[in-house]
Structures are given as structure tokens and as C-alpha cells.
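The following note concerns selected helix and strand contacts. Please read it alongside the structure.

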Amino acid sequence: MLQPSLSSNNGCLTIFDITSSLGRSASTKSKEQYEILKQSPMKNLRISMIDSAAADAFKQWRLAQKVAVSTTNHGIRTLRRVLHQAEEWKVIPRAPKLRLLSGENSREAVISEAALKTLIEFAEEAYPNSNFQYLLPFLVDTGLRVSEACGLKRDDLDFNAGFVSVREGKSKAAKREVPLTDRAVAAAKAAWGRSRCAYVFTAFGGRKPLTRHYVSQQFRLLADTQNMHDAVLHSTRHTFCTRLGESGVDAFTIQKLAGHSSITISQKYVHSGREVMVNAIKQMDRANNPREESAEEPTEDTDEVNF
């Protein structure tokens with residue numbers, strides 16, 4: 001992505017100017033979103049004037065067009081990307097924080113194994129030098145928060161024991177050890193091999209860690225190509241917990257593995273269907289009536305001798 005030729009008065013650049021520059025090398029889906037911004041009431045608004053009020057006006061404009069909440073939020077995410085790029089280009093000192101509309105359950109989306117495979121393959125082809133192709137399966141198989149994975153260091157991985165250690169997080173419960181699947185081990189080792197610093201998942205060149213914002217935006221671009229508009233990178237964590245619950249794992253174990261601060265959060269992933277309840281009673285029944293092993297010692301056969 002090339003920085004546009006900017007005049008000395010960067011504050012005069014508009015949404016139209018920035019999106020036109022970004023659109024030259026963007027994917028088809030991203031170009032569509034940039035075009036929507038270029039057609040919106042804020043198209044001629046100076047980039048330095050974009051704030052939460054301008055974003056709210058954009059939301060109302062999109063909702064008036066009878067589009068879904070998720071679609072409207074997709075436009076806000078695109079606007080965020082534009083503003084962060086403007087910040088990186090030093091067009092504005094800092095990108096403002098823009099809130100999404102409520103009513104979108106994107107964090108609750110579950111990524112199927114088929115969709116995960118497609119995303120990984122697309123990442124390998126589109127971004128061969130990026131460690132995102134390794135981060136994605138690692139997140140799904142460990143349930144780590146994006147910030148926890150980006151901050152992961154070499155000392156946090158024990159391949160011999162098969163564990164990853166989370167040493168700090170958003171709460172005391174975040175500190176935990178999570179067993180590694182074979183796929184998670186392979187992904188971590190591949191990223192490790194590219195690293196030139198203490199961190200495991202690094203940016204291009206391997207000398208600094210990936211950032212949460214970068215990988216979230218990269219996921220957004222990849223997911224859009226697969227029409228997964230209701231999914232965000234945090235959906236990998238929801239997928240991890242959902243798969244545990246569907247496998248019959250109890251809420252307390254899910255809480256330990258995911259580092260949830262409350263058992264209430266973990267309980268929503270546990271679905272006690274009829275079969276699960278029957279198996280639970282069977283286990284208790286076996287505990288109440290353990291099979292008695294024969295106490296008789298085997299005896300040697302002896303030939304009867306008649307005198």
C-alpha cells in the first residue's frame with residue numbers, strides 16, 4: 001500500500017481523497033466499502049473533522065437505506081481502517097474511537113472447520129510473508145485472546161510438555177496453562193521459525209510482535225472475501241469454547257481453559273442435552289457400583305492321584 005502524494009496542508013484531505021488512494025490496491029470487497037464511503041454525506045468532509053458525531057450520521061444514513069446492522073457496522077470498520085491509515089500517514093495525529101451499533105452478534109459467530117481451512121489457504125496465498133496464516137489456527141485451537149497471542153513469547157511455549165502459558169491478561173483468571181493440539185504446535189513452531197526476537201507471532205521481518213489492530217484488520221479483509229461479514233477475529237475464541245461445549249466438556253473446565261473471570265460466561269457454552277444427562281447418571285451409577293474384581297487367586301491345576 002503506497003502513501004499518496006500529500007500536500008503540505010494535510011488537514012485539507014477528505015474521505016474521498018484517502019479512500020481513492022486506498023482503493024487502488026484494495027480487494028474487490030474493500031473497494032466496494034470504499035465506494036460507499038465516497039458516496040456518503042461525509043465524502044467531502046476533511047479527514048481531520050471525522051469524529052463520533054460524523055460516524056453516527058453515517059450509521060443513520062446507512063440504516064435509512066434499509067441495510068442490516070452488521071452491514072452498517074462493516075462500513076464503520078472500513079471507516080476505522082481509513083482513519084488508522086490516515087494516522088499512519090501522519091495526516092491526522094490520532095484516529096478517533098468509533099463505536100459500532102449494538103445488535104450485531106459478530107463475536108458470537110462460530111468458524112466452521114471448512115471455513116477455517118479456506119481462510120488459512122487464502123492467507124497463505126494472499127499474504128505468504130505474514131504470520132497470520134499461523135496465528136489463525138493457533139487462536140482457534142487454544143482459545144487465547146488476540147492480545148494474549150500477540151504478546152506470546154518463546155518462554156511461554158513448552159513443546160515438550162505440550163502447553164502454552166498465559167502469564168498475564170485482563171483479569172486474574174486469565175493466567176493459565178492451555179494444552180496444545182498438534183495443529184497448534186505446528187503453527188507455533190512455524191511462526192517461531194520466522195521470529196528474530198523474543199515474541200512468537202511477529203510482524204514482517206520478525207523483529208517486533210504482531211499488533212491486535214493489524215491482525216484484526218487482516219482477518220476482516222480475509223473474512224470479507226468469504227462473505228463472513230458476521231465474524232471477527234475474536235470469533236476464534238468463541239469457536240474454541242463452543243467446540244469444547246459440543247464435545248461435552250463441563251463449564252468449570254471451559255472456564256479454566258479460556259480464562260473466563262466468571263463461571264457464568266463459561267456456562268453458556270454447555271448444552272446439557274438428553275444424551276449428556278444420561279451419560280452423567282451412568283457415570284455416577286458406575287461410581288456407586290464399581291465392578292468387583294475376582295479375589296480368587298488363580299490356582300495351578302494338579303493331577304488327582306488315586307492310591
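Against which helices do the buried residues of helix 2 pack?

1. The buried residues of helix 2 pack against helix 1 (15-23), helix 3 (52-63), helix 4 (69-88) and helix 9 (212-225). The model is predicted: local features need pLDDT of at least 70 and side-chain atom pairs pLDDT 80 or more, while totals for chains, interfaces and linings use all residues. Residues are numbered from 1 along each chain as its sequence is written, and side-chain values use heavy atoms, without hydrogens and water.

2. Helices (H or I, at least four residues) and strands (E, at least two) are DSSP runs, numbered from the N terminus. The buried residues of helix 2 are Ser30, Gln33, Tyr34, Ile36, Leu37 and Lys38; buried means under 20% relative accessible area with a 1.4 Å probe, protein chains only.

3. Ile36, Leu37 and Gln39 of helix 2 meet Phe58, Trp61 and Arg62 of helix 3, contact being heavy atoms within 4.5 Å. By residue class, this contact comprises four nonpolar, one polar and one charged (nonpolar: Ala, Val, Leu, Ile, Met, Phe, Trp, Tyr, Cys and Pro; charged: Asp, Glu, Lys and Arg; polar: the others, Gly among them).

4. Strand 1 (residues 157-158) and strand 2 (residues 163-166) pair in the antiparallel sense over two bridges; pairing requires at least two DSSP bridges. Aspartate 158 has phenylalanine 163 in strand 2 as its bridge partner. Four residues lie between the strands of this hairpin, where glycine 162 has a positive phi near 80°.

5. Strand 2 also runs antiparallel to strand 3 (residues 176-179), joined by four bridges. Valine 164 has valine 178 in strand 3 as its bridge partner.

Conventions
Buried means under 20% relative accessible area, exposed over 50%, partly exposed in between (1.4 Å probe, protein chains only).
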